[in-house]
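Student: Could you walk me through this one? I have it open and would like to get my bearings before asking about details.

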Amino acid sequence: MELVGDRMEGHGFYKLPTGTEYRGALWDGMFHGEGELFFPNGIRYRALWDRGIPTQGKFVFADGLEYEEKNWHYCDGYDRRFYTEICSGFKPPGIPQLTNLDPPKTIPEGCYDCGDGFYNPETRVVVDYKFTFLRNADDDEHEWITRTCRKAGGGRAEHKPKP
């Protein structure tokens, strides 16, 4: 990568303040051509970019599952299996699989696993699985997490209907 008039051009690598990394073609300081975003949680987005805007792309989850915009059948109303169950089959009867990760992450005491990290309801802070701050939960997210997400101790939150 080189600088042309103080703007990045060529093939390069750029790390955003969020920890997301871009690797690919740059033109006039913008993503332009083939490039890929690598998110801190392992998700990737491969795309063809035109002046900073993706014109076509593929979203790939951390476990390798590729998102299909059309004919998306994963985790729909008819098939609720985790991706790892689709790839590797079900566990024997009596051995539940609570998350796509097997074994699931150990949740810190008093916290919930909210999908992209752990949530502490006392501080209302969400951290990623490496304990790096992600965000403060608003009232709606707090209510959703405490109502639906798996909590420390191996169980799920007590399922309460939404008021």
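Tutor: Let us begin with a term: two residues are in contact when they have heavy atoms within 4.5 Å. In this model, which is predicted, residues 24 or more positions apart account for 13% of the contacts with a separation of 6 or more.

Student: Okay, and how many helices and strands does the protein have?

Tutor: There are 2 helices and 12 strands, and read from the N terminus the elements follow the order β-β-β-β-β-β-α-β-β-β-β-α-β-β.

Student: What share of the residues counts as buried?

Tutor: Of the 163 residues, 29% count as buried. The protein exposes about 11200 Å², and carbon and sulfur atoms supply 54% of that area.

Student: Switching to charges, how many salt bridges does a search of the whole structure find?

Tutor: That search finds 10 salt bridges. One of them pairs the side chains of Arg23 and Glu21, with a distance of 2.8 Å from N to O, and these two residues are also linked with Lys15 in a network of salt bridges.

Student: Are Arg23 and Glu21 buried or partly exposed?

Tutor: Arg23 is partly exposed, since its relative accessibility is 38%, whereas Glu21 has a relative accessible area of 16% and is therefore buried, the cut-off being under 20%.

Student: What about Glu36 and Arg44, how far apart are N and O in their salt bridge?

Tutor: The side chains of Glu36 and Arg44 meet at 2.9 Å, N to O. Glu36 counts as buried at 15% relative accessibility, while Arg44, with a relative accessible area of 25%, is partly exposed.

Student: And which residue does Glu66 form a salt bridge with?

Tutor: Its partner is Lys58, and the closest N and O atoms of Glu66 and Lys58 are 3.7 Å apart. Glu66 is partly exposed with a relative accessible area of 33%, and Lys58 also counts as partly exposed, at 22% relative accessibility.

Student: New topic, then: where does Thr20 lie?

Tutor: Thr20 sits in the loop between strand E2 (7-15) and strand E3 (21-27). Although Thr20 is in a loop, it is buried, with a relative accessible area of 7%.

Student: What does Thr20 touch, leaving out residues up to four places away in sequence?

Tutor: With those left out, Thr20 touches Tyr14, Lys15, Leu37, Phe38, Phe39 and Pro40. The side chain of Thr20 is also joined to that of Thr18 by a polar contact of 3.2 Å.

Student: Which residues are buried in helix H2?

Tutor: In H2, which covers residues 139-148, the buried ones are Glu141, His142, Ile145, Thr146, Arg147 and Thr148. At the start of H2, a side-chain oxygen of Asp138 comes to within 3.2 Å of the backbone nitrogen of Asp140.

How values were computed: Residues numbered from 1 in each chain as written. Predicted model: local features only at pLDDT ≥ 70, side-chain atom pairs only at ≥ 80, totals over all residues. Heavy atoms only, no water. Salt bridge = Lys/Arg side-chain N within 4 Å of Asp/Glu carboxyl O. Buried < 20%, exposed > 50% of the residue type's maximum accessible area, 1.4 Å probe, protein only. Helix = DSSP H or I, 4+ residues; strand = E, 2+ residues; numbered from the N terminus. Polar contact = N/O pair within 3.5 Å; in protein donor to acceptor, adjacent residues only side chain to side chain. Areas by Shrake-Rupley, 256 points an atom, 1.4 Å probe, with all protein chains shown as cover.
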